[in-house]
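Visitor: I have a model open in my viewer and would like to learn how to read it. Could you walk me through it?

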Amino acid sequence: MKQIQLAFRDQETLEKVLAELRTCYDEHSYHGMLLHIYTEVIEREQIERVLKRIEEVLPEALYVGCSSNGNIQNGNFLGDSFLLTGTFFEKESTRVNILQYRLTEETQEEVSRALVQAVDENPWVKGVEFLLTIRGMSLTGLCDGLSKVRKDVQI
């Protein structure tokens with residue numbers, strides 16, 4: 001597995017970032033790609049343009065993302081920008097599945113039950129990553145529910 005972080009603020013830099021990701025993927029014959037997208041940008045149209053371009057240039061990539069209160073790359077605060085983290089998978093056996101839930105105080109138990117069930121139904125799962133954008137919300141209910149996940153799975 002290899003990871004690289006690339007930042008951009010405008011369309012021109014986005015094109016360079018996507019070209020670098022494309023080249024890295026093609027030159028090394030990776031078996032999958034997962035992009036994490038972090039941004040302070042709140043304009044839906046701008047985010048949709050970025051996602052559309054990612055889908056055009058990297059159709060094999062899975063992607064997830066969330067808002068941020070600032071992005072840091074190599075110890076530097078980037079301010080109003082996008083940060084892409086590209087994860088490239090070397091093993092053909094690596095699998096990724098993206099699940100999305102609406103997490104609120106009221107849905108924590110339901111979400112944790114659904115996630116425990118999804119893990120149980122997929123014995124290949126060895127780890128679970130969360131991308132959450134929460135403000136002032138306790139996650140105790142979610143964490144309590146996730147204590148029921150198989151012991152061989154890292155959360």
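Visitor: Of the 155 residues of the chain, what percentage count as buried?

Guide: Buried means under 20% relative accessible area, exposed over 50%, and partly exposed in between, with a 1.4 Å probe and protein chains only. By that rule, 37% of the 155 residues count as buried. Please keep in mind that this is a predicted model, where local features need pLDDT of at least 70 and side-chain atom pairs count only at pLDDT 80 or more, while totals for chains, interfaces and linings use all residues. Residues are numbered from 1 along each chain as its sequence is written, and side-chain values use heavy atoms, with hydrogens and water left out.

Visitor: How many helices and strands does the chain have?

Guide: Helices (H or I, at least four residues) and strands (E, at least two) are DSSP runs, numbered from the N terminus. Here there are four helices and six strands, and from the N terminus they follow the order β-α-β-α-β-β-β-β-α-α.

Visitor: In what order do the strands of the open sheet lie?

Guide: Two strands pair if DSSP finds at least two bridges between them. In this chain four strands make an open sheet, ordered 1-6-2-3, with mixed pairing.

Visitor: Which strands pair with strand 6 in the antiparallel sense?

Guide: Strand 2 (residues 33-39) does, over seven bridges to strand 6 (residues 82-88), and strand 1 also pairs with strand 6 in the antiparallel sense over seven bridges.

Visitor: Is strand 6 largely enclosed or open?

Guide: Seven of its seven residues are buried, so strand 6 is largely enclosed by the rest of the structure. Both faces are covered, with Phe 82, Leu 84, Gly 86 and Phe 88 buried on one side and Leu 83, Thr 85 and Thr 87 buried on the other.

Visitor: At what angle do helix 1 and helix 2 pack?

Guide: Axes are lines fitted to C-alpha atoms, for helices over the stretch in contact, and angles run from 0 to 180 degrees between N-to-C directions. Helix 1 and helix 2 (residues 44-57) pack at about 30°, with axes 10 Å apart. Angles under 35 degrees count as roughly parallel, over 145 as roughly antiparallel, 65 to 115 as roughly perpendicular and the rest as oblique. The two helices are therefore roughly parallel to each other.

Visitor: Which residues make that contact?

Guide: Contact means heavy atoms within 4.5 Å. Helix 1 contributes Gln 11, Leu 14, Glu 15, Leu 18 and Arg 22, and helix 2 contributes Val 50, Arg 53, Ile 54 and Val 57.

Visitor: Does Ser 81 count as buried or exposed, and where is it found?

Guide: Ser 81 lies in the loop between strand 5 (76-77) and strand 6. Its relative accessibility is 2%, so Ser 81 counts as buried. Setting aside neighbours within four places in sequence, Ser 81 is in contact with Phe 8, Arg 9, Tyr 38, Thr 39, Glu 40 and Asn 71.

Visitor: And is Glu 109 buried or exposed?

Guide: Glu 109, in helix 3 (residues 108-121), counts as exposed because its relative accessibility is 55%. The C-alpha atoms of Glu 109 and Cys 143 are separated by 9.1 Å, although these residues are 34 apart along the chain.
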